[in-house]
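Welcome! Have a look at the sequence and the model shown here, and then let us walk through a few of their parts together.

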Amino acid sequence: MNLILLGAPGAGKGTQATKISDRYGIVHISTGDIFRANIKNATEIGLLAKSYLDRGALVPDEVTIAIVKDRLTWDDAAKGFLLDGFPRNLAQAEALDGFAKIDGVVNINIDHALLLDRICGRRVCKECGESYHVSTLGGATVCSRCGGELYRRKDDNPETVASRLAVYNEQTAPLIDYYTKKGVILNFTGTEAPAEVLFDEIKTALDAFNK
Ligand code: AP5
Ligand code: MG
């Protein structure tokens with residue numbers, strides 16, 4: 001099963017991706033995580049990507065598309081994959097059509113009023129990438145999954161979030177229409193309910209879809 005996760009910044013893509021990838025045994029590929037790993041390791045891609053991530057802009061298409069195209073040739077993607085954060089505009093979606101077959105698009109719609117608190121309260125594990133919200137951590141500073149140290153992403157501040165949302169509205173939201181026309185979209189609504197509630201809905205839809 002080859003899937004895409006679509007949704008605004010903070011919609012819960014990463015949170016649901018871990019659960020979907022565990023349940024269906026498909027690899028989770030997040031372009032945001034790939035860029036952050038490259039920035040951490042000061043690679044050539046990292047040096048280029050940093051200025052874009054820091055201001056909430058998209059990394060140039062040719063760089064991003066080449067990364068995903070290569071990543072999908074790895075052995076672990078042969079059993080299926082879940083793309084989180086790619087494609088993010090029409091050019092990326094059209095390029096993806098040229099090198100992968102997509103079975104379904106899990107689209108998380110969410111009221112944008114919920115996003116600022118979610119994103120600015122997010123803490124992420126340095127080791128395994130699991131996301132938490134400060135309100136549920138009870139003061140904990142390490143990951144309950146692997147014990148890794150939790151940190152706050154540099155782009156999780158109100159100014160950068162505003163830019164990320166504007167980019168989403170202008171460039172990424174039109175992909176909902178693109179994939180609806182292709183007949184592969186599965187629509188969900190993110191709410192204030194715990195992430196497990198949304199995952200139950202996604203699971204029900206994907207179980208039926210995966211038969
Ligand atoms: P990326 O890393 O993809 O960030 P994003 O799209 O802005 O999305 P987030 O990761 O912020 O949110 P999420 O939907 O994963 O939410 P999460 O599950 O963590 O991209 C970062 C940057 O990289 C981009 O700005 C761009 O510069 C670059 N980039 C990436 N891909 C690119 C591409 N294709 N082309 C060009 N550039 C690219 O949840 C958020 C918070 O909410 C967490 O605290 C979580 O615990 C909490 N939460 C989740 N679900 C619930 C729930 N049900 N109830 C309450 N809280 C919840
Ligand atoms: Mg994410």
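**Around the ligand**

Let us begin with ligand 1: one of its oxygen atoms is 2.5 Å from a polar backbone atom of Ala57. A polar contact here is a pair of N or O atoms within 3.5 Å; within protein, one must be able to donate a hydrogen and the other to accept it, and residues adjacent in sequence count only if both atoms are side-chain atoms. Taken alone, ligand 1 exposes 1100 Å², and the protein buries 93% of that. These accessible areas come from the Shrake-Rupley method with a 1.4 Å probe; for residues, only the protein chains shown count as cover.

Before going on, please note that this is a predicted model: local features need pLDDT of at least 70, side-chain atom pairs count only at pLDDT 80 or more, and totals for chains, interfaces and linings use all residues. Residues are numbered from 1 along each chain as its sequence is written, chains are lettered from A and ligands numbered from 1 in the order in which they are written, and side-chain values use heavy atoms, with hydrogens and water left out.

How many residues surround ligand 1? There are 34, and the closest are Thr15, Ala57, Arg88, Arg122 and Arg164; a residue counts as near if one of its heavy atoms lies within 4 Å. By type, this shell divides into 14 nonpolar, twelve polar and eight charged residues. Here Ala, Val, Leu, Ile, Met, Phe, Trp, Tyr, Cys and Pro count as nonpolar, Asp, Glu, Lys and Arg as charged, and the others, Gly among them, as polar. Helix H2 gives the largest share of the shell, four residues. Helices (H or I, at least four residues) and strands (E, at least two) are DSSP runs, numbered from the N terminus.

Three strands form an open, antiparallel sheet in the order E6-E5-E7. Strand E6 (131–133) and strand E7 (150–151) stand at the edges with a single partner strand each, so one side of each is left without a neighbour in the sheet. Two strands pair if DSSP finds at least two bridges between them. Strand E5 (residues 122–125) is joined to E6 by three bridges, and Val124 has Ser131 as its bridge partner in E6. E5 and E7 pair over two bridges, with Leu150 in E7 as the bridge partner of Cys125. In the hairpin of E5 and E6, five residues sit between the strands, and Gly129 takes a positive phi near 85 degrees.

Finally, visit Asn89, in the loop between strand E3 (81–84) and helix H5 (90–99). Is Asn89 buried or exposed? Asn89 is buried, because its relative accessible area is 8% (buried means under 20%, exposed over 50%, partly exposed in between, with a 1.4 Å probe and protein chains only). Its side chain makes a polar contact of 3.0 Å with the side chain of Asp61. Not counting residues up to four places away in sequence, Asn89 touches Leu58, Asp61, Gln171 and Leu175, where contact means heavy atoms within 4.5 Å.
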